[in-house]
Amino acid sequence: LAENLRYPSMAAENGITGRAVCQFVVNKDGAIVDVQVVRSSGDDSLDREAIRVIKAMPKWNPGQQRGKAVRVKYTVPVNFKLG
């Protein structure tokens, strides 16, 4: 996640930092869907970048329940700090 994160240039120039808490669902096939920001970083460009980098992740291994693949909801913080 951190390797693919591109700090938005306007936020970097203005010294804006923060944490966007994102939520998403991993489908039965491992695809990441329904990405949303549940707690904003306070800056729209940081929130949009957090959503972009989560959507760009490769497929995950789906959750298992009683031997069957199931949808699973995850919550992940995405930190933005300079330096």
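The side chains of Lys 59 and Asp 29 form a salt bridge with an N to O distance of 3.8 Å, a salt bridge being a side-chain nitrogen of Lys or Arg within 4 Å of a carboxyl oxygen of Asp or Glu. Lys 59 lies in the loop between α2 and β3 (63-65) and Asp 29 in the loop between β1 (18-26) and β2 (32-39), so the pair ties together parts 30 residues apart in sequence. The model is predicted: local features need pLDDT of at least 70 and side-chain atom pairs pLDDT 80 or more, while totals for chains, interfaces and linings use all residues. Residues are numbered from 1 along each chain as its sequence is written, and side-chain values use heavy atoms, leaving out hydrogens and water.

**Salt bridges**
- The count comes to 3 salt bridges.
- Asp 34 pairs with Arg 71 in a salt bridge, with the closest N and O atoms 3.7 Å apart.
- Asp 34 lies in strand β2 and Arg 71 in the loop between β4 (68-70) and β5, so this pair ties together parts 37 residues apart in sequence.
- Arg 52 and Glu 49 meet in a salt bridge at 2.8 Å, N to O.

**Accessibility**
- Lys 59 is exposed at 58% relative accessible area (buried means under 20%, exposed over 50%, partly exposed in between, with a 1.4 Å probe and protein chains only).
- Asp 29 is partly exposed at 47%.
- Glu 49 is buried at 9%, whereas Arg 52 is partly exposed at 29%.

Technical notes: Helices (H or I, at least four residues) and strands (E, at least two) are DSSP runs, numbered from the N terminus.
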